[in-house]
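Q: Hi! Could you walk me through a protein model in plain words?

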Amino acid sequence: MNVYQFDRSRSAFTVEEFEAIQGSRQARSYQVLLQDRKCDCGYFQALHIPCRHALAVCSLNRWLLNRGDPELVALEPAPALAPAPRPARHGPLS
């Protein structure tokens, strides 16, 4: 999937998805409006959970969807992940 931003103030994006149909690749474009919770595929509105196109936009921009208010989508930078601590070793190394 390719994600293109065209209106950051409205959180509007175009997501281009490639589908393999009868041995050829066809591109389909979907408009995603994050703040309105809408996508041209219809799943975002129907299921009230982000569709794969909305998740692609969030992943590319490293955003999290805030679930605190079901009417609004808050865009927040994703927290940086700290490396996992290594387990302590006991005994001689061999």
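What follows is a short chat about the sheet, the core, the charged pairs and the cysteines.

Q: Before we start, what kind of model is this, and how are things counted?
A: This is a predicted model, where local features need pLDDT of at least 70, side-chain atom pairs count only at pLDDT 80 or more, and totals for chains, interfaces and linings use all residues. Residues are numbered from 1 along each chain as its sequence is written, and side-chain values use heavy atoms, with hydrogens and water left out.

Q: What is the mean pLDDT of the protein?
A: The mean is 76, and 70% of the residues reach 70 or more. pLDDT is the predictor's confidence in each residue, from 0 to 100.

Q: Which elements have the lowest and highest mean pLDDT?
A: Strand 6 (residues 75–77) has the lowest at 56, and strand 4 has the highest at 92. Helices (H or I, at least four residues) and strands (E, at least two) are DSSP runs, numbered from the N terminus.

Q: How many bridges join strand 1 and strand 2?
A: Strand 1 (residues 2–7) pairs with strand 2 over five bridges, in the antiparallel sense. Asn-2 has Glu-16 of strand 2 as its bridge partner, and Asp-7 is partnered by Ala-12 of strand 2.

Q: How many for strand 2 and strand 3?
A: Strand 2 and strand 3 (residues 24–33) are antiparallel too, over 10 bridges. Phe-18, for example, has Ala-27 in strand 3 as its bridge partner.

Q: What about the hairpin between strand 2 and strand 3?
A: The hairpin has two residues between the strands, and Gln-22 in this hairpin takes a positive phi near 50°.

Q: Is His-48 buried or exposed?
A: His-48 is exposed, with a relative accessible area of 64%. Buried means under 20% relative accessible area, exposed over 50%, and partly exposed in between (1.4 Å probe, protein chains only).

Q: Switching topic: how many salt bridges are there?
A: A search of the whole structure finds two. A salt bridge is a side-chain nitrogen of Lys or Arg within 4 Å of a carboxyl oxygen of Asp or Glu. Glu-17 pairs with Arg-52, their closest N and O atoms being 2.8 Å apart. Glu-17 is in strand 2 (residues 12–21) and Arg-52 in helix 2 (residues 52–61), so the pair ties together parts 35 residues apart in sequence.

Q: How accessible are those two?
A: Glu-17 is buried, at 9% relative accessibility, whereas Arg-52 is partly exposed, at 46%.

Q: And the Arg-28 and Glu-19 pair, what's the distance there?
A: Arg-28 and Glu-19 meet in a salt bridge at 3.8 Å, N to O. Arg-28 is partly exposed at 43%, and Glu-19 is partly exposed at 22%.

Q: How many residues are in the largest nonpolar core?
A: The largest nonpolar core has 14 residues, and Val-32, Leu-34 and Val-57 have the most contacts inside it. Helix 2 gives the most to this core, with four residues. A nonpolar core is a set of buried Ala, Val, Leu, Ile, Met, Phe, Trp, Tyr and Cys residues joined through side-chain atoms within 4.5 Å.

Q: Which residues of helix 2 are buried?
A: They are His-53, Ala-54, Ala-56, Val-57 and Cys-58.

Conventions: Two strands pair if DSSP finds at least two bridges between them.
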